[in-house]
Structure formats: structure tokens, C-alpha cells
Protein chains: 2
Amino acid sequence: MIVGILGGGQLGRMLALAGIPMGLEFRFLEKNPEAVRGLGEVFTELEPFAKGCDAVTYEWENVPVEQVQWLEERLPVWPGSRALEVSQDRLREKEFLNGLGIETAPFNTGRFPGIAKTRRMGYDGKGQRRVNAADEVGPDEIVEDILTFEREVALLAVRSRQGEIRTYPLIETTHRDGILVKAEAPVAEVAPDYAHRIMEELDYVGVMALEMFEVQGRLIANEMAPRVHNSGHWTIEGAYTSQFENHLRAGLGWPLGRTEARGHALSFNLIGELPDPSKFPEGHYHAYGKAVRPGRKVGHVTMIDAKVQHV
Amino acid sequence: MIVGILGGGQLGRMLALAGIPMGLEFRFLEKNPEAVRGLGEVFTELEPFAKGCDAVTYEWENVPVEQVQWLEERLPVWPGSRALEVSQDRLREKEFLNGLGIETAPFNTGRFPGIAKTRRMGYDGKGQRRVNAADEVGPDEIVEDILTFEREVALLAVRSRQGEIRTYPLIETTHRDGILVKAEAPVAEVAPDYAHRIMEELDYVGVMALEMFEVQGRLIANEMAPRVHNSGHWTIEGAYTSQFENHLRAGLGWPLGRTEARGHALSFNLIGELPDPSKFPEGHYHAYGKAVRPGRKVGHVTMIDAKVQHV
């Protein structure tokens with residue numbers, strides 16, 4: 001069984017590392033394959049990549065929708081192109097969520113100051129800035145009201161081809177310089193309802209992440225990612241079944257694995273440096289095989305049931 | 001960091017799959033590399049294999065001792081050649097164990113019937129047979145008294161370069177046709193004392209397995225394996241740190257990870273067939289990338305905290 005992955009960054013790497021033990025083989029469509037080197041054949045062109053694949057998934061949400069649609073006509077692809085279309089455009093995403101009764105930050109209200117965000121291609125806080133008047137807003141931006149939130153949380157959920165949905169414990173994320181630096185699980189009750197609505201509406205297959213703000217006890221959806229997600233790295237050691245294994249099981253039509261946390265997990269990213277693994281005796285050290293550059297996510301560490309201060 | 005592995009079967013595969021996430025690279029000395037294909041460069045000659053390695057370990061105990069000694073003069077190698085020498089010869093192994101006050105089955109007592117075993121190259125019950133008289137015993141065989149045991153157990157232990165020793169929970173193994181088909185953990189109190197004696201005497205580094213019989217509450221050592229071991233596959237999902245990760249951490253001078261079981265684990269081998277993974281919804285499915293042949297170990301499944309009948 002050969003699984004094709006659109007993209008070959010650390011999420012593609014971790015998908016392959018979850019699938020190879022299960023006997024799966026991988027190939028990647030990726031121009032800069034440093035993180036997946038050695039884990040499967042790498043292609044730069046879609047057609048030769050697709051030829052010989054048994055099924056295809058993607059590891060980032062800015063894959064061209066046309067690519068995924070072209071693949072969908074030929075192969076099983078998960079999650080589908082509709083999830084991709086919705087999540088690639090912030091305006092469409094918010095309208096989609098609101099249409100399902102899922103609250104988002106109010107947007108394009110005409111109130112200022114606000115946070116202008118590019119409709120497309122924003123990630124990790126890039127493409128966002130504070131604006132004070134309408135004439136500062138570009139045509140491809142939306143403006144969100146400024147929210148005062150208590151914390152940021154993320155929900156990972158997975159849906160099988162048969163329609164079964166399982167959710168991971170809600171986790172808390174902390175951003176530093178706009179990049180996720182810590183995930184903690186479980187810090188709250190599981191809040192699966194949003195995920196159920198979204199996944200059923202989209203006939204979704206695979207893992208999805210929903211980033212939310214907690215505002216006075218309410219969960220306000222921020223954005224959804226139709227893929228495995230940085231906020232779920234803790235699941236590799238911290239859950240009965242990792243997000244990567246479950247994404248593959250879902251896409252291949254296998255039964256889903258259990259998503260409960262196995263004790264207390266804490267993950268933090270290694271950004272711009274790869275410290276000596278000996279510094280984390282209680283940790284599971286992950287390095288992504290990427291060249292180290294300032295500000296670049298090059299690894300993470302997960303602690304299980306450790307008595308440690310937050311980093 | 002490039003780690004060389006002598007051998008490229010499923011244990012080498014699982015070592016690589018534990019090390020790649022930590023940013024390690026692998027190469028293998030192996031003539032039939034089907035299980036490690038794609039996980040690193042494969043060599044058939046020792047010198048080119050060794051050139052460029054940062055450290056070397058082995059995944060089977062019948063590696064030629066001279067190879068390991070040659071490597072030891074040039075590179076960090078773990079476990080050392082002495083552990084290999086001792087464990088390659090059943091007679092020497094038993095004398096070594098008895099010398100440390102570790103009880104084995106009585107051997108070469110002149111009592112018959114007994115079990116004749118080849119001194120070298122026996123594994124999985126191969127090279128063993130019942131004999132009724134001295135003239136049935138070959139010159140390269142020893143004869144063990146027939147033991148009536150309650151069960152077979154195995155202890156996995158790991159020792160770091162700094163001399164720290166950690167032991168995994170004692171596990172019970174069940175043999176079918178002489179091949180390990182099931183491991184269960186934890187079924188008994190941890191019995192680390194034997195491992196401490198052996199590892200300290202050998203200045204051992206890495207994971208070691210000690211197979212034992214339980215006879216009227218006493219533990220009788222059967223054989224030791226100076227490597228990661230089939231009876232420890234459950235540790236991948238069932239322990240805080242897998243035997244494979246800990247073997248690498250030990251050899252690279254990193255601190256050892258915790259060896260406690262995380263709940264109840266049960267593993268069974270897939271022998272001679274690779275059933276549909278959907279048949280094990282509660283299991284973690286492992287396939288070794290090897291061609292399926294009758295009697296050949298081609299995978300295993302581990303269940304964690306599952307309510308299942310023994311297989």
C-alpha cells in the first residue's frame with residue numbers, strides 16, 4: 001500500500017513515521033524534501049507522483065485545490081477538496097462555521113481598531129496586523145474585532161470513512177511570537193460538538209484541528225486546519241493512538257484507534273535551535289531533519305507524566 | 001549523527017524507527033535488507049559500512065565477534081564484544097551466569113533423558129531436541145536437565161554509558177512451536193537483580209534481554225540476548241520509553257528514559273501471514289516489510305489496556 005502525501009515537511013515526516021511501522025510505504029510531492037528524506041520517493045510533478053499511489057492525503061492546507069480535485073478524480077484522497085476550499089479562505093471559513101452555529105470572532109463589523117488578516121495563506125500569526133481605520137484594510141483582508149480571551153485551546157478530531165468520529169482531549173496552546181510553543185493535555189473537558197458539526201457537514205475523513213479562544217467560558221472558533229496539526233504532537237506518546245496513526249487509519253478505511261490521553265502530556269517546540277537531547281532526560285526528543293535557522297520549527301519535545309515547570 | 005546497525009531485520013527496523021524521530025540517521029550491514037529498505041543506506045562489506053558511522057550497535061547475537069572487535073578499535077560500539085562472546089556460546093553463557101550466582105537449568109549432569117542444545121547459533125527453539133542417552137549428544141551440544149516450569153518470563157533491562165540501570169517490568173512469554181507468540185506486561189514483580197549482576201560484570205551498555213523459567217517461585221535463567229528483543233515489542237506503545245529508544249539513548253550517552261509500563265500491554269506476533277489491520281481495531285499493527293512465508297515472523301500487534309481474550 002503506497003500512500004502519497006502532498007507536502008514533505010515535519011507533518012509529512014511524522015505521518016510516514018506513523019505509517020511505516022504499519023507496513024505502509026510513502027511518497028511525497030515536495031520541492032524541498034529535507035524533513036522526509038529517506039522516508040519515501042520524492043516527486044516534484046503531480047502526475048508521476050500520482051501514478052502508483054493507492055491513496056493520497058496532504059500535510060498542509062495551502063495545497064492548490066485544483067491539485068486535490070485532479071487527484072480526487074483518480075484516487076481516494078482524504079480529507080476532501082471541500083475541506084481545503086473552506087479552510088483556505090478565512091472569510092469563507094468563518095461564514096461556514098457561523099452557518100453551523102459555531103461562534104467566531106465578529107468580523108468586518110466596521111468597528112476599529114481591529115485585527116486585519118489576509119484571507120489566504122496566513123499561518124502562525126503571519127499576515128496579521130492591528131488596524132485603526134477602514135482605509136488601512138487591503139482588499140484581500142478581513143478585519144476581526146479584538147477579542148479578550150482567557151486562553152487559546154485546540155481540538156483535534158478524527159472521522160473515519162464509515163462516519164465514526166473521535167475527539168482528542170481539548171488542549172491548551174501558548175503562543176510566543178505567534179508560533180505555538182507549548183501544548184498541554186488534558187486541561188479541559190472534551191468539547192467535541194463543534195468538530196462533529198463540521199466533519200459531518202463536510203463528510204470529512206481524517207484528522208482535523210480546530211483552534212479556538214476561550215472567552216468567558218465560551219469557545220470561539222478561530223480557524224480550522226484540515227490536516228494533522230502541530231498542537232497534536234503530544235499524541236505520539238501521550239494518547240492511545242497518535243493523530244498521525246489515526247489520520248492514516250481513517251483514510252485507509254481501518255477502524256479508528258482510541259483518542260484518550262494516557263496521563264498528562266506537555267509538548268514544546270524547538271525553534272531555531274536543536275539543543276542536546278541530554279537536556280531533556282524526562283522528554284521524548286523529536287528532530288525533524290531540517291536545517292536549523294532562526295525562528296524555524298526544527299523539533300519538539302514531549303514530556304509524559306513529568307513533574308516539570310512550564311517552559 | 002549516523003548510527004550503524006549490524007543486521008537489518010525487524011529489530012534493526014524498529015531501532016531505526018525509534019531513532020529517526022530523534023533526528024538520528026542509520027545505515028545497515030545486511031545482505032537481505034528487506035525490513036530496513038528505505039530507512040538508511042545498506043552495506044554488505046564491513047569497511048565501507050564503518051566509514052562515516054558515529055557509533056555502531058547490532059540487532060542479532062550471532063554477529064561475528066571479530067567484526068565487533070574490529071569495530072571497537074575504531075568506533076563506539078554497544079553492547080561490547082564480551083557480551084556477544086558470552087551469549088553466543090550456551091556453555092560459556094551458563095558458566096558465566098552460574099559464576100554470578102544466577103541459577104540455570106542443570107546441564108551436562110549425565111542424567112537422561114535431557115534436552116540437547118547446540119552451543120552456538122540456536123534460536124527460537126531451533127537446534128534443540130530430546131535425547132535419551134549420552135551417545136545421542138553431539139560434540140557441539142550441551143544437555144540440559146528437563147525442567148518442569150510454571151511459565152516462561154523475560155526481563156528487559158538497559159544500562160547507560162554512565163552505569164545507570166533500569167529494568168522493564170518482568171513479562172510472561174508463551175511459545176507456540178518454539179516461537180514467541182505473546183508477551184504480557186506486567187505480570188509479576190520486577191526482578192532486576194540478575195540483570196544488575198550481569199550488566200555490571202560486563203560493563204554493559206544498551207538493552208539486554210534475559211529469558212527465564214519460573215520454577216516453584218524461583219527464576220531459572222535460560223538465556224541472555226545482548227540486544228533489543230522480541231519480548232519487548234510491547235514497550236513501543238506500552239512503556240514510557242520503548243526498548244528501542246532506550247537502547248539508542250544508552251549507546252549515545254543520553255540519559256535513559258523511564259521503563260515503567262503504562263497500563264496493561266499484550267503483544268502477539270504475526271507469523272506466516274499479515275491479516276487485514278482492520279481485524280485489530282484495539283491494536284497497534286506492525287508489519288516488518290518482509291515477504292510473507294510460512295513460519296516467518298512478519299509483524300506483531302500490541303494491545304494497550306484492551307479487554308481481550310488471550311490470543
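1. Helix α4 (residues 81-88) of chain B is mostly covered, with six of its eight residues buried. Buried means under 20% relative accessible area, against over 50% for exposed and partly exposed in between (1.4 Å probe, protein chains only). The buried positions are B:S81, B:A83, B:L84, B:V86, B:S87 and B:Q88. They pack against β4 (55-58), α3 (65-72), α5 (90-99), α6 (193-202) and β13 (218-225) of chain B. Contact here means heavy atoms within 4.5 Å. Helices (H or I, at least four residues) and strands (E, at least two) are DSSP runs, numbered from the N terminus.

2. A word on the basis. This is a predicted model; local features need pLDDT of at least 70 and side-chain atom pairs pLDDT 80 or more, while totals for chains, interfaces and linings use all residues. Residues are numbered from 1 along each chain as its sequence is written, chains are lettered from A and ligands numbered from 1 in the order in which they are written, and side-chain values use heavy atoms, with hydrogens and water left out.

3. In chain A, the axes of helix α4 (residues 81-88) and α5 come within 5 Å and cross at roughly 110 degrees. That makes α4(A) roughly perpendicular to α5(A). Axes are lines fitted to C-alpha atoms, for helices over the stretch in contact, and angles run from 0 to 180 degrees between N-to-C directions. Under 35 degrees counts as roughly parallel, over 145 as roughly antiparallel, 65 to 115 as roughly perpendicular and the rest as oblique. From α4(A) come A:R82, A:E85, A:V86, A:S87 and A:Q88; from α5(A) come A:R90, A:R92, A:E93 and A:F96. By class, this contact has two nonpolar, two polar and five charged residues. The classes: Ala, Val, Leu, Ile, Met, Phe, Trp, Tyr, Cys and Pro are nonpolar, Asp, Glu, Lys and Arg charged, and the others, Gly among them, polar.

4. Helices α1 (residues 10-19) and α8 (residues 243-251) of chain A pack at about 75 degrees, axes 8 Å apart. α1(A) is therefore roughly perpendicular to α8(A). A:L11, A:M14, A:L15, A:A18 and A:G19 meet A:F244, A:E245, A:H247 and A:L248.

5. The largest nonpolar core has 78 residues, and A:F26, A:L248, B:F26 and B:L248 touch the most other members. Such a core is a set of buried Ala, Val, Leu, Ile, Met, Phe, Trp, Tyr and Cys residues joined through side-chain atoms within 4.5 Å. Not counting residues up to four places away in sequence, A:F26 touches A:L15, A:G19 and A:L248, among others. Apart from this core lies another, of 40 residues, including A:L29, A:A50, A:V65 and A:V77.

6. Chain A has an open three-stranded sheet, order β6-β5-β7, with antiparallel pairing. Its edge strands are β6 (128-131) and β7 (141-145), each pairing on one side only. Two strands pair if DSSP finds at least two bridges between them. β5 (residues 114-118) and β6 of chain A pair over four bridges, and A:G114 has A:V131 as its bridge partner in β6(A). Helix α5 (residues 90-99) of chain A packs on the sheet, touching β5, β6 and β7; its direction makes about 50 degrees with that of β7(A).

7. Chain B has an open sheet of three strands in the order β6-β5-β7, with antiparallel pairing. The twist averages 35 degrees from one strand to the next. β5 (residues 114-118) and β7 of chain B pair over five bridges. B:G114 stands opposite B:D145 in β7(B). α5(B) lies across β5, β6 and β7 of chain B, at about 50 degrees to β7(B).
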